[in-house]
Amino acid sequence: MTTSSTDRGAPLAAAGVGAPGRPRIDRRTLRTDRWWVSPALTVGGLLFFLVYGLVRTATQKNYWVDDYHYLTPFVSPCVSESCVEGSAHFGEFLPAFPPLVPLAILSLPFLLLFRLTCYYYRKAYYRSFWMSPPACAVAEPHTAYTGETRFPLIAQNLHRYAFYAALVISVINTYDAILAFHSPSGFGFGLGNVIIVANVVLLWGYTVSCHSCRHIVAGKINSFSKHPVRYKAWQQVSRLNGRHMELAWITIGSLIVTDAYIGLVAAGVITDLRFIG
Ligand code: FES
């Protein structure tokens, strides 16, 4: 992430801008495959998630199913007087919010920061939105590159701190999932629980597979043999880390599915398929 502007001049040279020792090519790329499909899909997927999340968080509706204690992760933790009865698992210590203010005001900024500064998402949106570069062997439109060493991109280094916040939020999501084993007569579970638990497991997978987590677990150890437990943990995290990109996309899908399912049950459009209670 600290490539120098000299290094990044290579794509420009490939485009014919010219650098010693580089072939002068008057086209943006010689690639003949559909290299633009991946960045286009990334733009579509991320925009869809962004718009869906904004609409769902801003509308402040259908986020809680009182009979089964299902709470969508999009408003968790709900801590304001605007929260519907039963949904504020940690109390209502903030005043009522005006319309359009997200009920998950405590967690949303950290979750956004966590995803926005994620090493994978950086690659994804640098390529697809900023086109820096849009694909391998495709020249980028920018003439200069300053890396992540100055404002605003230096803020990407906040990622390790966002990781700690994401850990706390994952614990909260887990707590919500446990409380959701509920029915009007006491214990119970249904399809909603399966979806909620699967989402929580996947969110843990995404969080723990984080590059910062891998570094925190054993990044500064010089001798693995002196720290066998951390070494074991590092191996597990490293294994998951290899799937980080997949988990980044899968959790976008699982968050939407979980929220949509709870929203539809809460709105009375569908009924939860109950196994017990
Ligand atoms: S690198 Fe993706 S969440 Fe940390």
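## Backbone and surface features

Pro 133 lies in the loop between α4 (119-128) and α5 (159-179). The model is predicted.

Start with the backbone. Most peptide bonds are trans, and most residues other than glycine have a negative phi. The places below depart from that pattern. The bond from Ser 132 to Pro 133 is cis. A cis bond also joins Phe 151 and Pro 152. Pro 152, too, sits in the loop between α4 and α5.

Positive phi values come next. Met 131 has one, though Met 131 is not a glycine. Its place is the loop between α4 and α5. Asn 62 also has a positive phi without being a glycine. Asn 62 belongs to the loop between α2 and β1 (64-65).

| Site | Angle | Value |
|---|---|---|
| Ser 132 to Pro 133 | omega | near -15° |
| Phe 151 to Pro 152 | omega | about 5° |
| Asn 62 | phi | about 50° |
| Met 131 | phi | near 55° |

How exposed are the residues with positive phi? Asn 62 has a relative accessible area of 33%, so it counts as partly exposed. Met 131 is at 34%, so it is partly exposed as well.

Now the surface. Which residues form the nonpolar patch there? They are Leu 47, Leu 50, Val 51, Leu 54, Val 55, Leu 112, Phe 129 and Trp 130. Together they have about 800 Å² of accessible area. Helix α2 (residues 37-59) gives the largest share, five residues. Leu 112 lies in helix α3 (residues 108-116).

How values were computed:
Residues numbered from 1 in each chain as written. Predicted model: local features only at pLDDT ≥ 70, side-chain atom pairs only at ≥ 80, totals over all residues. Heavy atoms only, no water. Patch = residues over 30% accessible without salt bridge, like charges linked within 9 Å, V, L, I, M, F, W, Y side chains within 5 Å. Areas by Shrake-Rupley, 256 points an atom, 1.4 Å probe, with all protein chains shown as cover. Salt bridge = Lys/Arg side-chain N within 4 Å of Asp/Glu carboxyl O. Helix = DSSP H or I, 4+ residues; strand = E, 2+ residues; numbered from the N terminus. Buried < 20%, exposed > 50% of the residue type's maximum accessible area, 1.4 Å probe, protein only.
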